[in-house]
Amino acid sequence: MKHFVALLAFALVINASAQTNYDTVRIRPLKITETIYMLKGAGGNIGFLKGEDGALIIDNQFGPLSGKIAQTVVEEGGGEIKMLINTHIHGDHTGGNDNFKKWGVTIVAHDNVRERMMKEGKVRDRVVPPRDKAAWPVVTFPDRMNIHWNNEDLELYHFNTGHTDGDVIIKFAKANVIHTGDMYVQYGYPFVDTNSGGGINGFIATLDQMLKIMDDNTKIIPGHGELASKKDVQAFRDRLAEIRDGVAAALKKGTKTEDIANLPIASKYDAEWGKGFVKGKDFVMMVAENLTKK
Ligand SMILES: [Zn+2]
């Protein structure tokens with residue numbers, strides 16, 4: 001039995017590492033302007049600004065990819081990375097924080113990202129241990145901050161609790177480029193991480209605020225997915241609001257929370273959105289639980 005358990009544990013480890021083989025991940029740069037790029041690899045999209053002050057990046061995917069990310073920045077003429085902004089706490093966006101900090105990079109994030117990294121957390125049913133001190137952001141802020149770097153004015157906004165309670169949206173004001181973090185994604189139904197302080201009403205309120213700092217020419221770097229435009233974000237916002245309103249109406253009619261998932265509220269979007277890791281029924285249930293929570 002003991003052997004069986006050991007073997008099983010071993011098989012699980014092998015399986016987990018087989019799922020993400022970082023050795024085969026390539027970091028692919030997409031040039032958006034002369035100085036701003038989107039980098040894709042595994043995990044959340046990275047924003048990258050180059051110039052005479054040194055490179056600034058937004059998010060950094062998983063820890064084992066830090067070397068490749070730094071290498072890509074050098075290859076694209078960015079030189080040394082000096083600044084790093086975390087859009088939120090999740091490990092597919094902040095996994096390399098400790099590496100970059102050791103290399104002398106200044107890490108900027110929302111107050112709650114640092115707070116949550118210092119203690120044990122939970123994402124879905126998985127317990128997430130506190131992050132090593134080396135990963136904690138050193139410059140934090142509650143709702144607004146500007147960074148003036150490489151002749152660009154970066155506006156950092158925290159509008160509301162949405163995907164988590166520490167989401168930051170970054171606007172490159174001169175270039176009219178916005179990195180949304182996971183407040184806008186293309187993997188299907190978005191993940192509202194209620195264990196990390198996220199909420200559906202705040203999610204939609206944040207999208208409304210985000211739309212106000214965009215115009216038809218704004219280029220959008222999503223948390224996950226391809227370069228997008230304001231109308232993509234608007235469509236995403238409208239769909240979420242429609243689902244939220246549908247759930248709210250059912251609750252008002254007296255439908256029990258546990259029965260909400262069986263109503264055809266999100267199902268019309270399943271063909272397009274149901275392929276992601278959040279299923280339509282689960283999304284609707286999450287919205288119902290979130291709306292009934294006091
Ligand atoms: Zn996330």
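Which residue just after α7 takes a positive phi? Gly-254 does, with a phi of about 100°.

1. Basis of the note. This is a predicted model, in which local features need pLDDT of at least 70 and side-chain atom pairs count only at pLDDT 80 or more, while totals for chains, interfaces and linings use all residues. Residues are numbered from 1 along each chain as its sequence is written. Helices (H or I, at least four residues) and strands (E, at least two) are DSSP runs, numbered from the N terminus.

2. Length and burial of α7. Buried in α7 are Val-233, Phe-236, Leu-240, Ile-243, Arg-244 and Val-247. A residue is buried if 20 or more other C-beta atoms, placed from the backbone, lie within 10 Å of its own, exposed if 12 or fewer, and partly exposed in between. The cover over these buried residues includes α6, β14 (219–221), α8 (257–260) and α10 (280–292).

3. Packing of α6 on α7. Helix α6 (residues 200–212) packs with helix α7 (residues 230–252) at an angle of about 155°, the axes being 10 Å apart. Therefore α6 is roughly antiparallel to α7 (a term for angles over 145 degrees). Axes are lines fitted to C-alpha atoms, for helices over the stretch in contact, and angles run from 0 to 180 degrees between N-to-C directions. On the α6 side the contact (C-beta atoms, placed from the backbone, within 7 Å) is made by Ile-200, Phe-203, Ile-204, Leu-207, Asp-208, Met-210 and Leu-211. On the α7 side it is made by Lys-230, Val-233, Gln-234, Arg-237, Leu-240, Ala-241 and Arg-244.

4. Asp-59 is buried, with 30 other C-beta atoms within 10 Å, and Gln-61 counts as buried with 26 C-beta neighbours inside 10 Å.

5. Tyr-22. The loop between α1 (2–19) and β1 (28–31) holds Tyr-22, which is partly exposed, with 16 other C-beta atoms within 10 Å. Leaving aside residues up to four places away in sequence, Tyr-22 touches Ala-42, Phe-62, Pro-64 and Leu-65.

Technical notes. Angles under 35 degrees count as roughly parallel, over 145 as roughly antiparallel, 65 to 115 as roughly perpendicular and the rest as oblique. Two residues are in contact if their C-beta atoms, placed from the backbone, lie within 7 Å.
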